[in-house]
Amino acid sequence: MARKLRVAIVGGGLGGLAVAQALRGKAEVVIIEQSAQFGEVGAGINVSPNCVKVLREFGLESRLRQSAFEPAFHVFRDWKSGRCLFRADIKGEYEKRFNAPHLSVHRADLHNILSTGLPDASLRFGVRCIAVAQSENSAVAILESGEEVEADVVVGADGIKSAVRGSLFGEDEPEFTGNVAWRFTVPEESLVEPIEPAVTNWLGPGGHVVHYYVRSGRLVNVIAVYETQQWTAESWTQSGDRDELLGIFDRWNPKLITLFKRAGSYYKWGLFDRPPLGAWSVGRITLLGDAAHPMLPFLGQGAAMALEDGLALGLLLSQGRPVAESLHLYERLRLPRTSRAQLGSRGRAAENHLRSPLARLKRNLKFKLRKFINPHSTLHNGEWLYSYDVRNAVGGLG
Ligand SMILES: Cc1cc2nc3c(=O)[nH]c(=O)nc-3n(C[C@H](O)[C@H](O)[C@H](O)COP(=O)(O)OP(=O)(O)OC[C@H]3O[C@@H](n4cnc5c(N)ncnc54)[C@H](O)[C@@H]3O)c2cc1C
């Protein structure tokens with residue numbers, strides 16, 4: 001009997017767990033994770049229909065639905081007056097159009113759901129990969145301790161600062177995009193007034209604020225982004241000071257300020273990205289998720305793309321082709337789509353943060369026109385993102 005394919009996954013984030021799920025029972029998988037245990041920062045994440053379809057493939061959709069919140073609308077609001085600039089139906093509508101709902105979930109819950117059923121033996125915590133190497137017949141992940149983990153395939157799912165990427169394509173630094181995101185949550189019982197059951201996006205000069213419910217409506221997740229050239233912290237994420245946040249947004253709508261004051265703790269993140277790569281794979285080694293295509297979070301697609309990658313790679317590696325051929329097909333399928341999402345996310349930053357009142361007026365009129373021409377238009381013109389189905393796309397490769 002032929003032995004199972006051995007796959008070493010560097011990084012146990014959302015993307016690494018997705019490829020492990022896609023290979024469950026089909027390959028011998030080991031996940032190399034530098035943290036001592038899983039510990040996602042408390043924050044929310046939007047799981048768009050294309051991403052829900054991936055969880056469906058893993059048999060995890062019902063668990064996702066149990067802990068998520070299904071928003072009724074996507075809304076753009078003016079930063080100061082709170083006037084609605086654009087509204088799109090989500091609940092019911094997306095399921096009809098894209099064959100899956102849009103769900104908002106806590107990151108820790110999503111991470112937990114994605115680790116369902118993975119054998120304990122496949123998870124190695126507290127081990128850091130520093131490089132990768134390969135020969136004709138195998139590849140290795142080289143750990144800080146000097147140990148080499150040998151496999152038929154090595155997948156770099158080790159995030160934006162990927163050691164695997166550096167080892168394959170040379171070290172280079174991700175770029176600070178001039179955006180800092182504050183992230184915090186507010187328990188529903190602490191709200192001064194209820195919040196609309198929507199993913200609401202307030203657009204203002206040099207910044208925007210997004211909020212939505214997670215955990216079946218028991219918690220509100222808030223992301224407040226503003227432009228600055230300063231990010232001096234060594235770490236990319238650090239706890240933030242409430243007064244600093246309130247000072248930055250003090251001219252914004254009072255409802256937001258009231259909401260901001262109800263959180264217990266605050267974190268801020270410098271937002272980094274990289275331009276699209278021309279290739280992700282060399283021989284038996286490839287990249288996935290933020291390691292391959294880090295993007296700004298303004299289309300809400302970073303994790304969705306990582307999960308799509310994971311399923312596509314798992315399906316292709318299970319089809320029995322030589323490894324290098326599978327990795328070539330994976331890259332051919334995924335690279336154009338993820339590059340478009342990377343560049344699209346950058347474009348959104350500009351439109352979200354317009355400073356000139358005239359430019360904002362033009363943008364708002366464009367929203368009106370778009371709604372008039374197509375009443376079903378989605379917030380970010382996201383039809384190309386949401387209608388995608390990984391299994392069909394892999395099948396289409398022939
Ligand atoms: C403010 C903000 C909001 C966002 N909102 C959304 C959203 O609404 N929807 C969405 O789809 N996406 C969103 N994203 C993007 C999403 O969070 C990322 O794209 C996603 O987490 C990428 O997953 P990943 O598995 O590729 O990388 P990561 O989540 O970074 O995981 C990498 C893992 O690898 C481990 N690791 C790193 N280096 C090594 C090493 N050398 N050896 C061993 N282990 C290592 C890390 O510890 C980590 O566990 C948002 C991001 C931000 C910053």
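I began at leucine 288, which sits in the loop between β18 (285-287) and α9 (302-317). The model is a predicted one.

Entry on burial. I looked up the accessibility of leucine 288 and got a relative accessible area of 2%. The cut-off for buried is under 20%, so leucine 288 counts as buried.

Entry on contacts. I listed what leucine 288 touches, leaving aside its neighbours within four places in sequence. The list has Gly15, Gly16 and Val19, then Val155, Gly156 and Ala157.

Entry on the whole protein. I counted 13 helices and 18 strands. The radius of gyration is 21 Å, close to the 21 Å that the globule rule gives for 398 residues, so the protein is as compact as a globular protein of that length. Along the principal axes, the C-alpha atoms fill a box of roughly 65 × 45 × 40 Å. Of the 398 residues, 58% count as buried. For contacts with a separation of 6 or more, I find that 74% are between residues 24 or more positions apart.

Entry on surface and charge. The protein exposes about 16,800 Å², and carbon and sulfur atoms supply 51% of that area. I took the mean positions of the 48 positive and 42 negative charges, and these are 8 Å apart.

Entry on cysteines. How many disulfides does a search of the whole structure find? I got zero. A disulfide is a covalent bond between the sulfur atoms of two cysteines. Cysteine 51 has 3% relative accessibility and counts as buried. Cysteine 129 is buried too, with a relative accessible area of 5%.

Entry on backbone angles. Most residues other than glycine have a negative phi. I noted two residues with a positive value. Asparagine 99 has a phi of about 65° although it is not a glycine. Asparagine 99 lies in the loop between α4 (93-98) and β6 (103-106), and at 46% relative accessibility it counts as partly exposed. For serine 216, phi is near 50°, again positive in a residue other than glycine. I place serine 216 in the loop between β14 (207-214) and β15 (219-227). Its relative accessible area is 40%, so serine 216 is partly exposed.

Terms used
Residues numbered from 1 in each chain as written. Predicted model: local features only at pLDDT ≥ 70, side-chain atom pairs only at ≥ 80, totals over all residues. Heavy atoms only, no water. Helix = DSSP H or I, 4+ residues; strand = E, 2+ residues; numbered from the N terminus. Rg over C-alpha atoms; globule rule 2.2 N^0.38 Å. Buried < 20%, exposed > 50% of the residue type's maximum accessible area, 1.4 Å probe, protein only. Contact = heavy atoms within 4.5 Å. Areas by Shrake-Rupley, 256 points an atom, 1.4 Å probe, with all protein chains shown as cover. Lys, Arg positive; Asp, Glu negative; His and termini not counted. Charge placed at Lys NZ, Arg CZ, Asp CG, Glu CD. Disulfide = S-S within 2.5 Å.
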